[in-house]
Amino acid sequence: MLKILKYSFYDLMRSRWSYVYFLFYLLLGVVLLFLNNDLSKAVITLMNVIIILVPLIGTIFGVMYYYNSREFTELLLAQPVKRSSIFLGQYFGVATSLSMSLVIGLGMPFVFYGIFNSSAIWDFSLLLVTGAFLTFIFTALAFVIALSNENKIKGFGYAILLWLFMAVIYDGIFLMSLLYFEDYPLDKFSLIATMLNPVDLSRVLILLKLDISALLGYTGAVFQKFFGTSLGLTLSSVLLTLWVLVPTFFIWRIAKRKDF
């Protein structure tokens, strides 16, 4: 699996799209630092971009890489190599390369700006870690979708629908539920609903770390009480890790049983 991971990683690092992805974040970091003298404001702006863009890029890249490398994958399947090793290696190669483009692209301008000498270093670090988690999560979900659908159009359609649901539709349903059932105690419901969506969970963690939980509105106090504690942060990290492990398990299971 490590050899396939290395091949997928180097293959993507040679791809022009990886450089475009890297340069986008590099330029984004430079522009934000040029426009904002306050590093905390720059981190908040980056959060709004990363929460939406990183899942979309991870989903599209995951599906695109699977379908474009289909012929090479069939060649590997003819060799004495486990199916699970092939697809898990490809998945980790794609997710690692995208995460490195994100971390290095955003990290370089902030390092030169002096982030290590600023109190915003921990906020920025949490932002990068959250972005890496979202990359691994949505790349894994993209591989699950691609493995489950031979038709490219269906695969891309389901992948975009997944991102749209997680990033936009889910929040709308969540807010409508809060408004409709406002006469009932919604503390536990709000916590559970947030945990079931990695995008919302990542957003809440970053907002609480920046100490601007008032932006969370109705459920801000609930989130501050739970996620603001060390137990809440630990549990949130565990949940994000589970969001990576569960789709990875499905990749292994589908690849093992799928008839290619």
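Areas here come from the Shrake-Rupley method with a 1.4 Å probe, and for residues only the protein chains shown count as cover.

Some ground rules. This is a predicted model, in which local features need pLDDT of at least 70, side-chain atom pairs count only at pLDDT 80 or more, and totals for chains, interfaces and linings use all residues. Residues are numbered from 1 along each chain as its sequence is written, and side-chain values use heavy atoms, with hydrogens and water left out.

Confidence next. pLDDT is the predictor's confidence in each residue, from 0 to 100. The mean for the protein is 80, and 83% of residues reach 70 or more. Among the elements, helix H6 (residues 121–148) has the highest mean, 90. Helix H10 (residues 220–227) has the lowest, 61.

Now the fold. There are 11 helices and 0 strands. Helices (H or I, at least four residues) and strands (E, at least two) are DSSP runs, numbered from the N terminus. Of the 260 residues, 50% are buried. Buried means under 20% relative accessible area, exposed over 50%, and partly exposed in between, with a 1.4 Å probe and protein chains only. Take contacts, meaning heavy atoms within 4.5 Å. Among those between residues at least 6 apart in sequence, 80% join residues at least 24 apart.

What does the record say? The unreviewed UniProt entry annotates "transmembrane region" at residues 20–36, 42–67, 88–112, 124–147, 159–181, 201–223 and 235–255. Positions follow the numbering used here, feature names are shortened, and annotations may be inferred rather than shown by experiment. Let me check two of those spans against the model. Residues 20–36 are 94% helix and 0% strand, with end C-alpha atoms 24 Å apart. Residues 42–67 are 100% helix and 0% strand, and their end C-alpha atoms lie 36 Å apart.

On to salt bridges. The rule is a side-chain nitrogen of Lys or Arg within 4 Å of a carboxyl oxygen of Asp or Glu. How many salt bridges does this rule give? The count is 2. Arg203 pairs with Asp171 at 3.6 Å, N to O. That pair links distant parts of the chain: Arg203 sits in helix H9 (residues 198–209), Asp171 in helix H7 (residues 152–180), 32 residues apart. Arg203 also pairs with Asp200, at 2.7 Å, N to O. These two are 3 residues apart in helix H9, so about one helical turn separates them. Together, Asp171, Asp200 and Arg203 form a network of salt bridges.

Arg203 counts as partly exposed, at 21%.

Thr135 is in helix H6. Thr135 counts as buried because its relative accessibility is 1%. Leaving out residues up to four places away in sequence, Thr135 touches Val54, Ala95, Leu98, Ser99 and Leu102.

Finally, the surface. Leu235, Val238, Leu242, Leu245, Val246, Phe249, Phe250 and Trp252 make a nonpolar patch of about 670 Å². Patch residues have over 30% relative accessible area and no salt bridge; like charges are joined within 9 Å, nonpolar side chains (Val, Leu, Ile, Met, Phe, Trp, Tyr) within 5 Å. Phe250 is found in helix H11 (residues 230–257). Phe250 is partly exposed, with a relative accessible area of 37%.
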